[in-house]
Amino acid sequence: MGRGKIVIRRIDNSTSRQVTFSKRRSGLLKKAKELAILCDAEVGVTIFSSTGKLYDFSSTRSF
C-alpha cells in the first residue's frame, strides 16, 4: 500500500517549513549528484532559501 496524496501548498508553521526545506534540499542535491554520475551528464542546481541563502551543486566531467 502506497502513501496517500498530499495537497501541495505553503506550510504555515515556520519551523515545519524550515525542516521540510532542509530535507527536500538535501534530497534534491543528492538526486542531482546521482544523475551526474549515472548518466555522465553535466548538472547544475541553484537553490535560494526564503532568507536569501544560496545552496548550489554543479558537476564537471573529468577528461
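The largest nonpolar core holds six residues: Ala32, Ala36, Val43, Val45, Ile47 and Tyr55. Such a core is a set of buried Ala, Val, Leu, Ile, Met, Phe, Trp, Tyr and Cys residues joined through side-chain atoms within 4.5 Å. Buried means under 20% relative accessible area (1.4 Å probe, protein chains only). Helix H1 (14-39) and strand E1 (44-48) each supply at least two residues of this core. Helices (H or I, at least four residues) and strands (E, at least two) are DSSP runs, numbered from the N terminus. The model is predicted; local features need pLDDT of at least 70, side-chain atom pairs count only at pLDDT 80 or more, and totals for chains, interfaces and linings use all residues. Residues are numbered from 1 along each chain as its sequence is written, and side-chain values use heavy atoms, without hydrogens and water.

H1 has 26 residues. The helix reaches 37 Å from first C-alpha to last, close to the 38 Å expected at 1.5 Å a residue (1.5 Å times one less than the number of residues). At its start, a side-chain oxygen of Asn13 lies within 2.9 Å of the backbone nitrogen of Thr15. Just after H1, Asp40 takes a positive phi of about 50°.

Arg25, Ala32 and Ala36 are buried in H1. The buried residues of H1 pack against E1 and strand E2 (54-58). Arg25 touches Ile47 and Tyr55 (heavy atoms within 4.5 Å), not counting residues up to four places away in sequence. Arg25 has no salt bridge (a side-chain nitrogen of Lys or Arg within 4 Å of a carboxyl oxygen of Asp or Glu). The nearest side chain of opposite charge, Asp56, is 9.7 Å away.

Note on methods:
Buried means under 20% relative accessible area, exposed over 50%, partly exposed in between (1.4 Å probe, protein chains only). Lys and Arg count as positive and Asp and Glu as negative; His and the chain ends are not counted. A polar contact is a pair of N or O atoms within 3.5 Å; within protein, one must be able to donate a hydrogen and the other to accept it, and residues adjacent in sequence count only if both atoms are side-chain atoms.
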